[in-house]
Amino acid sequence: MITRLLRHRAGLRVLALKGTEALAGAAMTIYLARVLGPAEFGVFAFGLATTMLLAIPIKNGASTLITKHVAIAREGNSDEQAGPLLAKGIFLSLVYAVLLILGSVAVFALGDGQNAFISSVALFSFALPFLCITGLMEGVLRGSFRPNAAILIGTVLVPLVVLAAAAVLTEQLKGQGWSFAIWLYISAAIAITLLSLVLARPFLMPLLAHAKNDRMRNAEWIGLVAPFAIVTGLLIFNRQIDVILLGTLAGEEEAGIYRIAAQASILVTFGVQAIGHLYAPYLATADSQTAPSKISGYLRKSILFSLGFGGLALLGLALVGKLIITLLAGPEYLPAYPIMLILCAANLAVAANGATMQALYMQGHQRKTAWIFFASGMFSVVANTILIPYLGILGAAIASSAVILSWSLGLRWLACGVWQLSFLTLTPRHQE
């Protein structure tokens with residue numbers, strides 16, 4: 001009973017942090033949108049979305065792999081790859097970030113300097129080294145059964161710091177526009193990277209000490225990370241490509257309005273994200289013999305939690321969404337309301353899967369998962385490219401909702417095949 005209570009409290013803490021993440025992200029988005037206006041904010045949103053895509057291989061892919069191996073090592077299962085993976089990851093992530101900075105600046109220099117989208121990406125690229133290192137530290141903390149600290153540095157503190165700085169420097173933000181907002185974001189990323197190193201230090205030092213005696217080759221590290229980078233990259237690609245294509249095909253103002261709707265709709269999935277953070281190290285340590293029954297139990301519990309949270313979030317946004325958008329962002333952003341509801345409804349399909357995606361990652365099925373996201377990504381590009389010119393932001397919402405539904409069903413189908421589970425109930429088939 002005590003163990004259950006502690007886990008319940010841990011779950012509540014994680015959920016509270018994910019709720020704070022939602023509020024922080026939404027508050028930053030709304031405040032910047034209100035101060036900058038739809039067009040300027042659209043440029044900022046385009047640069048941020050592109051930078052998040054570029055950071056995927058390290059911040060999401062390598063981080064997930066490190067979570068898995070650190071969790072196994074801390075459970076006493078003698079995983080000797082955790083330290084070398086982390087040491088080589090720090091080195092290669094910095095190399096990767098520097099190359100992207102040089103590439104982005106080169107593209108900017110070769111252009112005429114008048115394209116605001118290219119300029120925003122070039123400026124945002126200077127945040128990449130810090131985003132990558134923070135992502136690796138997030139993996140260390142999550143694998144060390146410290147989900148709260150991982151969430152704080154991973155997704156909560158950066159928008160909070162940007163929001164606080166923007167509130168203090170509002171006049172400068174109005175005067176200098178999106179470029180000043182990007183510098184605020186870069187400064188916040190630097191500060192949170194330093195904090196992440198401090199928080200991860202007790203777990204970091206033993207891992208790096210072990211790495212001194214067992215160095216990993218570059219090709220070996222890339223081979224291990226690539227499947228995780230690809231699958232998480234494709235997931236985020238599916239989440240960001242609509243904003244990028246909308247900005248390219250429809251313009252800055254439409255991208256800014258759509259960003260408000262997309263940011264709010266993510267609230268429906270925060271129950272999934274919270275339970276995923278909590279369950280990740282436990283899913284990683286499930287052995288092959290007990291995996292089907294153990295994972296089935298985790299998935300069914302996570303679905304109840306995720307759907308309950310997601311349903312309440314959707315109901316709340318449906319009832320007071322217009323009022324919130326008008327009061328916080330301004331009446332010029334009201335076209336985001338129906339878009340938000342469409343995306344919220346689609347995200348309920350994600351909630352209906354619970355921690356399925358996390359279970360597939362942690363149990364080594366990332367290659368099969370990648371094919372699902374790859375197919376959905378191609379579908380997303382085609383659907384958005386066709387619908388946006390005719391329907392604008394509504395077309396982007398319809399295309400993205402169809403994509404979310406497609407990969408959610410695909411993941412459920414894969415999980416049921418891997419662990420022999422019922423598609424409807426996710427119970428082991430031999431129990432039916």
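Guide: Start with helix H5 (residues 128-143) and helix H6 (residues 147-168), which pack at an angle of about 165° with their axes 8 Å apart. That angle makes H5 roughly antiparallel to H6. Helices (H or I, at least four residues) and strands (E, at least two) are DSSP runs, numbered from the N terminus. Axes are lines fitted to C-alpha atoms, for helices over the stretch in contact, and angles run from 0 to 180 degrees between N-to-C directions. Angles under 35 degrees count as roughly parallel, over 145 as roughly antiparallel, 65 to 115 as roughly perpendicular, and the rest as oblique.

A word on the source: this is a predicted model, where local features need pLDDT of at least 70, side-chain atom pairs count only at pLDDT 80 or more, and totals for chains, interfaces and linings use all residues. Residues are numbered from 1 along each chain as its sequence is written, and side-chain values use heavy atoms, with hydrogens and water left out.

Back to the pair. H5 and H6 cross in a left-handed way. A crossing is left-handed if the near helix is turned anticlockwise from the far one by less than a right angle, and right-handed if clockwise. On the H5 side, Thr 134, Met 137, Glu 138, Leu 141 and Arg 142 make the contact. On the H6 side, Pro 147, Ala 149, Ala 150, Ile 153 and Gly 154 take part. Contact means heavy atoms within 4.5 Å. By class, the residues of this contact of H5 with H6 are six nonpolar, two polar and two charged. Ala, Val, Leu, Ile, Met, Phe, Trp, Tyr, Cys and Pro count as nonpolar; Asp, Glu, Lys and Arg count as charged; the others, Gly among them, are polar.

H5 has another partner. The axes of helix H2 (residues 38-74) and H5 come within 7 Å and cross at roughly 25°. H2 and H5 are therefore roughly parallel to each other. Their crossing is right-handed. The contact of H2 with H5 has 13 nonpolar, seven polar and four charged residues.

Now look along H1. Thr 20 lies in helix H1. Thr 20 is partly exposed, at 33% relative accessible area (buried is under 20%, exposed over 50%, partly exposed in between, with a 1.4 Å probe and protein chains only). Thr 20 and Thr 155 are 135 residues apart in sequence but 9.5 Å apart in space, C-alpha to C-alpha. Ala 27 also sits in helix H1 (residues 2-36). Ala 27 counts as partly exposed, at 27% relative accessibility. Between Ala 27 and Tyr 282 there are 255 residues of sequence separation and 33 Å of space, C-alpha to C-alpha.

Move on to the later helices. Helix H9 (residues 218-249) and helix H16 (residues 393-419) pack at about 170°, with axes 10 Å apart. H9 and H16 are therefore roughly antiparallel to each other. From H9 come Leu 235, Asn 238, Arg 239, Asp 242 and Leu 246. They meet Ile 393, Ala 396, Ser 400, Val 403, Ile 404 and Trp 407 in H16. Seven nonpolar, two polar and two charged residues form the contact of H9 with H16.

Thr 356 is found in helix H14 (residues 356-362). Thr 356 is buried, with a relative accessible area of 1%. Leaving aside neighbours within four places in sequence, Thr 356 is in contact with Leu 299, Leu 411 and Ala 415.

Gln 420 is in the segment after H16, and its phi is near 55°, a positive value in a residue other than glycine. Gln 420 is partly exposed, at 43% relative accessible area. Leu 426 is also in the segment after H16. Phi of Leu 426 is near 60°, again positive in a residue other than glycine. Leu 426 is buried, with a relative accessible area of 0%.

Finally, step back. The chain comes to 16 helices and zero strands. Buried residues make up 56% of its 432 residues. Among contacts between residues at least 6 apart in sequence, 82% join residues at least 24 apart. The C-alpha atoms fill a box of roughly 60 × 50 × 40 Å, taken along the principal axes. With 432 residues, a compact globule would have a radius of gyration near 22 Å; the chain has 21 Å, which agrees. That radius is taken over C-alpha atoms, and the globule rule is 2.2 Å times the number of residues to the power 0.38.
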